[in-house]
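Try each task on your own before reading its solution.

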Amino acid sequence: MKVYSNASQVTATLNGTLLGTLSSNDHIFRWTNVTLKQGQNTVTVTATINGSAYTDSVEWTLG
């Protein structure tokens, strides 16, 4: 899974399960070995920029 962000560090979850927090100098964050389940999947990413938290999410339906 690849995420683009203005932040230098982001935290991601998939269906409520923590995928982890990554840091990046180029603002591109990559999680490997992410497997979507059949049906609806929700990815949520949270980042903090200048003390403010920002969250975004996307839903995919597999199958």
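**Exercise 1: A hairpin and its turn**

A12 stands opposite G20 in β3. Keep in mind that the model is predicted.

*Task.* Find how many bridges pair β2 and β3, and in which sense the two strands run. Then find which residue of their hairpin takes a positive phi.

*Solution.* 
- Step 1. Follow the pairing of the two strands: β2 and β3 are joined in the antiparallel sense, over 6 bridges.
- Step 2. Look at the connection. The loop between β2 (9–14) and β3 (17–23) holds N15, and the hairpin has 2 residues between the strands.
- Step 3. Check the backbone there. N15 is not a glycine, yet its phi is positive, at about 55°.
- Step 4. Decide whether N15 is buried, partly exposed or exposed. Buried means under 20% relative accessible area and exposed over 50%, with partly exposed in between. N15 has 33% relative accessibility, so it counts as partly exposed.

**Exercise 2: The order of the sheet**

*Task.* Work out in which order the strands of the open sheet lie, and which strands stand at its edges.

*Solution.* 
- Step 1. Recall the general principle: strands of a sheet pair through backbone hydrogen bonds, either parallel or antiparallel.
- Step 2. Trace the open sheet. Its 4 strands follow the order β3-β2-β5-β6, and the pairing is antiparallel.
- Step 3. Find the edges. β3 and β6 (52–62) each have a single partner strand, so one side of each lacks a neighbour in the sheet.
- Step 4. Inspect the pair of β5 and β6. These strands run antiparallel and are joined by 11 bridges. V45 has D56 of β6 opposite to it.

**Exercise 3: Another asparagine with positive phi**

*Solution.* 
- Step 1. N33 is a residue other than glycine with a positive phi, near 60°.
- Step 2. Apply the cut-off of over 50% for exposed.

Conventions. Residues are numbered from 1 along each chain as its sequence is written. This is a predicted model: local features need pLDDT of at least 70, side-chain atom pairs count only at pLDDT 80 or more; totals for chains, interfaces and linings use all residues. Side-chain values use heavy atoms; hydrogens and water are left out. Buried means under 20% relative accessible area, exposed over 50%, partly exposed in between (1.4 Å probe, protein chains only). Two strands pair if DSSP finds at least two bridges between them.
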